[in-house]
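Subject: Handing over the model

Hello,

Here is the structure we talked about. Please open it beside this email and follow along.

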Amino acid sequence: MRGSSHSFTAAPLCARRGPVDKLRCRNGKVGRVELDEVLKAVGPRLRAMRQERGTTLAELSRSTGISVSTLSRLESGGRKPTLEMMLLLADAYQVQIDELIDAPVTGDPRVHMRPVKRHGMTYVPLSRRPGGLQAFKQIYPPGWPGYEPEQQVHEGYEWLYVLSGRLRLLLGTHHVVLAAGEVAEFDTRTPHAFVNEADGHTEVLALFGPQGERMHVRARPAAR
């Protein structure tokens with residue numbers, strides 16, 4: 001407005017809330033060193049997300065349109081991701097883009113849970129760091145999956161704690177039914193699948209990881 005003594009200046013990028021909250025700012029700009037550190041962490045996080053889901057590079061390439069060689073270089077840190085790649089990967093993994101760069105609000109230790117629906121199930125991530133143990137709450141709808149599932153195999157180890165409901169675990173030639181309060185553990189290289197035996201939803205706390213302390217197993221045979 002003419003003659004006004006007031007002036008207005010747009011807030012610098014690093015003053016806005018969002019993924020860059022994690023970075024320190026110098027003179028209103030994101031520090032280059034900190035930005036490079038965040039980008040270096042993207043590769044291991046992408047690999048961890050893919051392996052958690054048991055997805056191959058070829059399968060991810062088909063769903064995103066990104067070549068296998070480019071995906072491999074992204075995961076190894078040999079190539080920096082573009083915004084277009086991040087959007088495609090976020091869509092493939094059904095997560096917010098900030099989860100790919102692991103950028104929570106500075107100083108906030110809480111995990112901001114974002115449920116994800118896959119194959120009719122709801123996954124609630126309870127941890128946010130790539131590598132090591134990953135924790136999820138899994139919600140199986142009544143009658144899931146609606147047919148006798150094919151058993152799958154992948155690298156890793158899995159622990160299950162049934163919070164509510166009844167979950168049938170198919171583990172090779174063995175079938176067991178886990179009720180609320182019961183725990184199971186197994187090497188995921190063993191063929192396995194799950195069926196919700198309850199009339200309502202079954203909720204499970206699941207830990208995935210290649211190593212770690214073994215938990216005591218309490219499971220009863222399936223009723224014949």
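Start with Glu75, which counts as buried at 6% relative accessibility. Here buried means under 20% relative accessible area, exposed means over 50%, and partly exposed lies in between (1.4 Å probe, protein chains only).

Before you go on, note that this is a predicted model: local features need pLDDT of at least 70, side-chain atom pairs count only at pLDDT 80 or more, and totals for chains, interfaces and linings use all residues. Residues are numbered from 1 along each chain as its sequence is written, and side-chain values use heavy atoms, with hydrogens and water left out.

Salt bridges

A salt bridge is a side-chain nitrogen of Lys or Arg within 4 Å of a carboxyl oxygen of Asp or Glu. By this rule there are 6 salt bridges.

Which residue does Arg47 pair with? Its partner is Glu75, and their closest N and O atoms are 3.8 Å apart. Arg47 sits in helix H1 (residues 32–52) and Glu75 in helix H3 (residues 68–76), so the pair ties together parts that are 28 residues apart in sequence. Helices (H or I, at least four residues) and strands (E, at least two) are DSSP runs, numbered from the N terminus. Arg47 is partly exposed, at 29% relative accessibility. Arg47 and Glu75 also belong to a network of salt bridges that includes Arg50.

Next, look at Arg168 and Glu148. They form a salt bridge with closest N and O atoms 3.4 Å apart. This pair links distant parts of the chain: Arg168 is in strand E7, and Glu148 is in the loop between E5 and strand E6 (157–164), 20 residues apart. Arg168 counts as buried, at 14% relative accessibility.

Then find Arg189. Its salt bridge is with Asp187, and the closest N and O atoms are 2.6 Å apart. Arg189 is exposed at 53% relative accessibility, while Asp187 is partly exposed at 21%.

A nonpolar core is a set of buried Ala, Val, Leu, Ile, Met, Phe, Trp, Tyr and Cys residues joined through side-chain atoms within 4.5 Å. The largest one has 18 residues. Those with the most contacts inside it are Leu46, Leu71, Leu74, Leu89, Tyr93, Val95 and Leu100. The elements giving two or more residues to this core are H1, helix H2 (57–64), H3, H4 and helix H5 (97–101). H4 provides the largest share, 5 residues.

So which residues of H4 are buried? In this helix (residues 83–93) they are Met85, Met86, Leu89, Ala90 and Tyr93. They cover an arc of only 130 degrees around the axis, which puts them on the same side of H4. The arc is that of the directions from the helix axis to the C-beta atoms. An α-helix has 3.6 residues a turn, so residues three or four places apart point the same way. The face turned away from the buried side of H4 carries the exposed residues Leu83, Glu84 and Asp91. Just after H4, Gln94 takes a positive phi of about 60 degrees.

Strands

Two strands pair if DSSP finds at least two bridges between them. Strand E7 (residues 166–171) has two such partners to look at. With strand E8 (residues 174–179), E7 pairs in the antiparallel sense over 6 bridges. Leu169 has Val176 in E8 as its bridge partner. E7 and E8 form a hairpin with 2 residues between them, and Gly172 in the turn has a positive phi of about 65 degrees. With strand E10 (residues 192–196), E7 pairs in the antiparallel sense over 5 bridges. Leu170 stands opposite Ala193 in E10.

Now find Ser164. This residue lies in strand E6 and is partly exposed, at 27% relative accessibility. The C-alpha atoms of Ser164 and Thr202 are 5.5 Å apart, although 38 residues separate them along the chain.

Two last spots

Where is the cis peptide bond? It runs from Trp144 to Pro145, with omega near 0 degrees. Pro145 is in the loop between E5 and E6.

Finally, Leu126 lies in the loop between strand E4 (121–125) and strand E5 (134–140). Leu126 is partly exposed, with a relative accessible area of 31%.

Best wishes
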